[in-house]
Amino acid sequence: MFGGGEILCQTNRLLAQRYISIAGKRVILPRMEKIYELGETAVVVAWPSVIEVAHLRAISGLKAALLRYPFPGMCEMVPAYATLTIFFDPAHLPAHWDNPAADIGAYITQLLDKMGDNALPAGNTVTIPVCYDDAFGPDLEAVAALHQCSKSEVVERHTARDYTVFMVGFLPGFAYLGGLDRRIATPRRSSPRLQVAAGSVGIAGEQTGIYPLDAPGGWQIIGRTPLPVYRPGAAQTPFLLKTGDTVRFYPISKTAFDQIKPDPAATTPPNQRQLSPAAEVIRSGPLATLQDLGRPGYRAYGVPVSGALDEPAHRLANALVGNAPQAATIECTMGGLVITFFTNAVLAVTGGGAALVNQRPVEHERVIQLQKNDVLTIEFHPRGMRTYIAVRGGWDAPDQMGSKSPCRNAQLGDILQKGSTLHIGRAENGPIRPLLRSFFPFADEKKNVFRVIPGPEFERLTSEGQREFYQQTYTIGHRSDRMGSRLDSAPLDLSDQSELLSTAVTPGTLQRTPDGQLILLLNDCQTTGGYPRVGQMAAVDLPRLAQLPPGATVQFAPITSQRARFLWLQQQKRYELFD
């Protein structure tokens, strides 16, 4: 039991043998092993940690049943090799549910009893052309040499199988395909490439997959497909593959590759904004982006949630000028932002930085009336590294997958740069509330102490490592960003070195890297990972940590998942004062 939320499936009906109908045949499903909590807002249903098609069937069957009969408060699900992670909103769970792992487990038991051996929905069969030309398969010769065969034999073996999509993660639309012929199974490269081209087809161990975007990677690249597997600007579904699909590769020539490859201009969505620019960025500083409350609902496809890192500051800025909470604000990191306005505007500035209008300081958490040609400057201030700027009407930008928040790893949205024009939306506004105060002050006697729930793999740490986890001091590393904060400290040793299968992670997850250091995942983090999840920071503490600059020191204090969820619910009630 960790954090007060694990249920072993040994004494209840979840252990019962279950069946499902596939192609008219009654197929045995493997037994679930346990259900455990991942922070305040998710539970993980786990099967034995092996990669098997039987697990995929069980996971897909449970996912289909929950999509058909969701429990109150259920938000989205992330399937992985041997787990199904179910995200929920604690504020909308049934009132009598006080232990999500047990209560959701009981609901699943009743649901599976009700579903019986109903047919499992079939995935799609997708045929994908691949050019195995040397220009596209730089590792093809090395793979052939390792297995003492010709390059053509590698291609024949790679195209002779049907592959199953076990999970999607790492990058948006990156499908992990199982079923590779063991005669061409090849370890990852010892030195990953800094850039792998989108469409590259690779091998890693007994898996094969397609890179959906240009990205660093260590898979052995043997070819490339001209088909886009991820189209962030697509009007309909931007993903070619999903969990449960069957994939078949077939070889094509370089000439056929060039003929099939789509015109990049045809896949770029037109800019349909009709509003005149209201402002222009004169200087952007280290990082400035538009942020709203993010894009939940796409984690199963590997798309990060994103959104404002300091949600209370974002909400307060919007509330001051009468905007809805989802309206976009500007998130400015470490100051350095200068904006000139072409029209009158009503603004509010919250968070960490110092604000000046025409070089004169203006008060934080107040409504600011700007006139045409006024210049707003945001400078760094020691109280916090992130500043939020709301404008009445909301900053306008195209919605992509339901959000204006950019995400570089998903090729969604744009980062503000010198010369970027800003537009003000036409959303209906509530009243301006100039005297509203923050209910989440920076001042805190223990502002550098953060509450952490022991994670699912906490017990993989040695007994000394478990003690040091909560006793030592960590320093925020200089390579921290919106994906995660690197926490430098004395290495934490593992007692269990066995490899983990990738499973869901979420903002607040603390992963232990192979060198013994910790990474705290933030809003732009990947949706799945294979490092041990040794902790989960309380969600109410994440905004405070997001305001700490590199070099700041932090410590952890233990908290149960029940207490962290209570604090999360209290925070949601405070938000109601803003909305």
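The structure is a predicted model, in which local features need pLDDT of at least 70 and side-chain atom pairs count only at pLDDT 80 or more, while totals for chains, interfaces and linings use all residues. Residues are numbered from 1 along each chain as its sequence is written, and side-chain values use heavy atoms, with hydrogens and water left out.

Confidence is a friendly place to start. The mean pLDDT (the predictor's confidence in each residue, from 0 to 100) of the chain is 89, and 89% of its residues reach 70 or more. A contact here means heavy atoms within 4.5 Å.

Turning to charged pairs, side chains of opposite charge can pair when their charged atoms come close. With a salt bridge taken as a side-chain nitrogen of Lys or Arg within 4 Å of a carboxyl oxygen of Asp or Glu, the whole structure holds 20 of them. One joins the side chains of E206 and R182, at 3.5 Å from N to O. E206 sits in the loop between β12 (200–204) and β13 (207–210) and R182 in the loop between β10 (175–178) and β11 (193–196), so this pair ties together parts that are 24 residues apart in sequence. Helices (H or I, at least four residues) and strands (E, at least two) are DSSP runs, numbered from the N terminus. E206 is partly exposed at 42% relative accessible area, whereas R182 is exposed at 64%; buried means under 20%, exposed over 50% and partly exposed in between, with a 1.4 Å probe and protein chains only.

Other salt bridges lie within a helix. K254 and D258 meet at 3.0 Å, N to O, and are four residues apart in helix α5 (residues 254–260), about one helical turn. Both ends are partly exposed, K254 at 35% and D258 at 45%. In helix α6 (residues 311–320), E311 and R315 are likewise four residues apart, and their side chains meet at 2.8 Å, N to O. E311 is partly exposed at 26%, but R315 is buried at 10%. Elsewhere, salt bridges that share partners join D139, R189 and R193 into one network.

R315 also lies over the face of Y575, at 4.1 Å from the ring centre. For such a placement, NZ of Lys or CZ of Arg must be within 6 Å of the ring centre and within 35 degrees of the ring normal.

Aromatic rings come next. Rings of Phe, Tyr and Trp (its six-membered ring) pair if their centres lie within 6.5 Å, and planes under 30 degrees apart count as stacked, over 60 as edge-to-face and the rest as tilted. The count comes to 21 aromatic pairs. The centres of F341 and W395 are 6.3 Å apart and their planes are at 45 degrees, so the pair is tilted. It links strand β20 (residues 337–341) with strand β27 (residues 395–396), across 54 residues. F341 is buried at 0%, and W395 is buried at 2%. Y81, F166, F170, F174, Y176, Y211 and W219 form one aromatic cluster.

Finally, T506 lies in the loop between β32 (503–504) and β33 (509–512) and is buried at 8%. Its contacts beyond four places in sequence include F87 and R299. R299 in turn lies over the face of F87, at 3.6 Å from the ring centre.
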